[in-house]
Every structure is written in structure tokens, then in C-alpha cells.
Amino acid sequence: MSPTPLAPYPALRLRRLRQADWIRRLVRETVLTPADLIWSMVVHEGEGEVPVASMPGVSRLSVKDCARAAVEARRLGIPAIAIFPHIDGARKDAEGSLAADPGGVIPRAVKAMKDAAPEVGIMCDVALDPFTTHGHDGLIRSGRIANDATIERLVAQGLMQAEAGADILAPSDMMDGRIGALRGALESAGHPDVMIMSYAAKYASAFYGPYRDAIGSGKLGSGPEDNPADKKTYQMDPANTEEALREVGLDIAEGADMVMVKPGLPYLDIVRRVVEAYRVPTFAFQVSGEYAMIKAAGANGWLDEDRAILESLTAFKRAGATGVITYFAPQAARLLGA
């Protein structure tokens, strides 16, 4: 489509459409609302709230607190919540055995949240890293992350979450073939309506550090000598874009209902390419490092925190994202007038 022909100045003065708030709102191309947000939160096994030092304003919540948060999400117009577990380190093992525990903190939180606010969607992370002593998303065999053995554990975890009442399963592990295995298992187990939002293009990023603090993830490369020092053999190389399109295409073909790009702002180009290539619901994750940077700069007076939050979230929508998973969800919803 050819661009609209432009009249020469002064017949055309583009500032005319910026001269007052009412006209700026009237011609605004991108609109952000609370309905575009998924609230990311961490649930722990104990009581009360436990502040996360590297994420000011974020706390690990108890199951009871998560139920109250679901009610608050409903009040604010936030349609869904994504929950991630913090597990006592003494209860972890190298196999992530607690990941599929039907009596664990995640199924208990899901039930409490659905009982408190059934209108709010609940999304569960499908990955082993919160449950393993080594902090990897998969099982380690002879110094390597074992793809197919990991998938078996992920399927068991996902089925448990579906049985608990989760609306969306979000596999974040980046194992090859896990979407197809999980979709087939859900169909066979009588859960055809449970949705899958695939972490389809998840990069081996430096922006995940505060999240690992929040969930108490094991230190990569520590412990046994065969513990890989990073996640670069399964998470994507930040330099690649064509690979992201292949990853997304495979996950859609295997049965993903929605896809995700992670991290967020440093990968807006990937969001745009995915949206243009596939035209499926595409989400972005404004990850812990992005959250922490905005909070730190705001606390130091280096930028206006409230404006930076809304500007960053609007950028995802402008790039074409269907919605954003963010720790800022309740704060942003209030700023938007909820």
C-alpha cells in the first residue's frame, strides 16, 4: 500500500493534531487498557508476604494473599494472572520431583484464586527450574539438558495444573516438541478447553536475574560438576530473528493457542515479526529485569516512574502485541483509571 501523499508546509502542519489533549486522545493510534494486562506474581509455601529485594514493590504471596490478589484483579479489570512458585530449597531435588505434586503450592493457589474470583483467568508456568536444585528448566543427563526425558516431566506437571483448574498452561522450558506432547496429553485426559500459551521465542537473556531471586532458583553451574553454567543450549541466542519465526511456527503447528516473546522491550522487533508472520494472539513478557530497572530509575529520580510504566506498556501494544505479562499490572491498571 502506497503512503498517503503529503501536502507541503504550511498547508500541512502535523503539530495541529498535537495542540491539545483532546485532539491527541482523539487521533491516538494505540490504546492501552487494563484488559491488555496479565499480572505476574510469585506464590510461596508459607504465610504472609515476603518482599523481593531486587524487585521493589513485589512480594512473594501466600496462597491466601493470591486469592485476595485475584479479587483485586477482578476489581481492576485485569483479565488474568500468571503465577510462579517459590519452593523451599530443602524440598528441591535434581529431578524437580515436586513439579507435579497435586498437593503443592501451585494447585492450592489455583484453587484458592478460582474460588475467590472465578472470572479471572489463571495461567501456570510449565517448567522445572523452580523445583530443581540446579536451577535448570530440564533434567540433566551427562552434563546435558535431556530434551525428551524433560518433556515427560513437563506433561505430568501440566496435567496436574489442568486438573487443579488452571485456564492456561504456559510452557517456558524451550524443549523441542513439548507443545505437541502437552496438547496431546490434555486432549487424552479430557481437558480440551485448557489453553496453551507457548513461550515460543524465549531468549537466553541477562534480564531474568531478579526473577530467579524471586523464585529462589538454584545457581546455574553450582553443585554437581555436570551442571551447565547457563541456559544457552535451550533458550534462544539474542542475536537471532529467523530462528524465532521457526520456533513460533513449530509451536503453532503443535497446538499452541497463543504465543509469547520473552523478554519484552529489547525484543519488540521480534514481537512485530511474529505478529506480521502468523496473525495469532501474541504476547510479550515484561520481565523482572525490565521491572527492576524502571523501579530503580524511578526511585532515584532519574525518570518519572508512572510515565515510564505506561510508555513501556504502550510500546508493546504499538508493536502489535495482543497483551503484556507484567509485574506492573495492578499499578498500571490504577494509572489507567481502574
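Trainee: Which residue in S12 does Ile38 stand opposite?

Mentor: Please bear in mind that this is a predicted model. In S12, Ile38 stands opposite Ile325.

Trainee: With which other strands does S1 pair in the parallel sense?

Mentor: S1 pairs with S4 in the parallel sense over seven bridges, and Val42 has Phe84 as its bridge partner in S4. S1 also pairs in the parallel sense with strand S3 (residues 59-61), over two bridges. There, Val43 stands opposite Leu61.

Trainee: How many of the eight residues of S1 are buried?

Mentor: A residue is called buried when its relative accessible area is under 20%. In S1, eight of the eight residues are buried, so the strand is largely enclosed by the rest of the structure. Both faces are covered: one side carries Leu37, Trp39, Met41 and Val43, the other Ile38, Ser40, Val42 and His44, all of them buried.

Trainee: Which residues of H3 are buried, and against what do they pack?

Mentor: The buried residues are Val105, Ile106, Pro107, Ala109, Val110, Ala112, Met113 and Lys114. They pack against strand S1 (37-44), helix H2 (63-76), S4, strand S5 (121-126) and helix H4 (147-164).

Trainee: Which residues of helix H8 are buried?

Mentor: In helix H8 (residues 268-278), the buried residues are Leu268, Ile270, Val271, Val274 and Val275. The arc that they cover around the axis is only 155 degrees, which puts them on the same side of H8. They pack against strand S9 (195-202), helix H7 (242-254), strand S10 (258-262), strand S11 (282-286) and helix H10 (305-319). H8 is followed by Arg279, which has a positive phi near 55 degrees.

Trainee: Which other residues have a positive phi although they are not glycines?

Mentor: Two further cases may be named, Ser142 and Met174. Ser142 has a phi of about 55 degrees and is found in the loop between strand S6 (139-141) and strand S7 (144-146). Met174 has a phi of about 70 degrees and lies in the loop between strand S8 (168-171) and helix H5 (178-188).

Trainee: Are these two residues, Ser142 and Met174, buried or exposed?

Mentor: Ser142 is exposed, with a relative accessible area of 74%, whereas Met174 counts as buried at 4% relative accessibility.

Trainee: How many aromatic pairs does a search of the whole structure find?

Mentor: A pair of aromatic rings is described by the distance of the centres and the angle of the planes. The search finds seven aromatic pairs. In one of them, Phe84 and Phe285 are tilted, at 6.1 Å centre to centre and with 50 degrees between the planes. Phe84 lies in strand S4 (residues 80-86) and Phe285 in strand S11, so this pair ties together parts that are 201 residues apart in sequence.

Trainee: What aromatic pair do Tyr199 and Phe285 form?

Mentor: Tyr199 and Phe285 form a tilted pair, with 6.4 Å centre to centre and 45 degrees between the planes. The pair links distant parts of the chain, as Tyr199 in strand S9 and Phe285 in strand S11 are 86 residues apart. Tyr199 is buried, with a relative accessible area of 1%, and Phe285 is buried at 2%.

Trainee: Which residues do ring pairs link into a cluster?

Mentor: The cluster consists of Phe84, Tyr199, Tyr211, Phe285, Tyr291, Tyr327 and Phe328.

Trainee: The charged end of which residue sits over the ring of Tyr208?

Mentor: The charged end of Lys262 sits over that ring, 5.0 Å from its centre. Lys202 also lies over the face of Tyr208, at 5.8 Å from the ring centre.

Trainee: Where are cis peptide bonds found?

Mentor: One joins Lys262 to Pro263, with omega near -5 degrees, and Pro263 is found in the loop between S10 and H8. Another joins Tyr9 and Pro10, where omega is about 10 degrees. Pro10 is found in the segment before helix H1 (21-26).

Definitions and conventions: Residues are numbered from 1 along each chain as its sequence is written. This is a predicted model: local features need pLDDT of at least 70, side-chain atom pairs count only at pLDDT 80 or more; totals for chains, interfaces and linings use all residues. Side-chain values use heavy atoms; hydrogens and water are left out. Buried means under 20% relative accessible area, exposed over 50%, partly exposed in between (1.4 Å probe, protein chains only). Helices (H or I, at least four residues) and strands (E, at least two) are DSSP runs, numbered from the N terminus. The arc is that of the directions from the helix axis to the C-beta atoms. Contact means heavy atoms within 4.5 Å. Rings of Phe, Tyr and Trp (its six-membered ring) pair if their centres lie within 6.5 Å; planes under 30 degrees apart count as stacked, over 60 as edge-to-face and the rest as tilted. A charge sits over a ring if NZ of Lys or CZ of Arg is within 6 Å of the ring centre and within 35 degrees of the ring normal. Two strands pair if DSSP finds at least two bridges between them.
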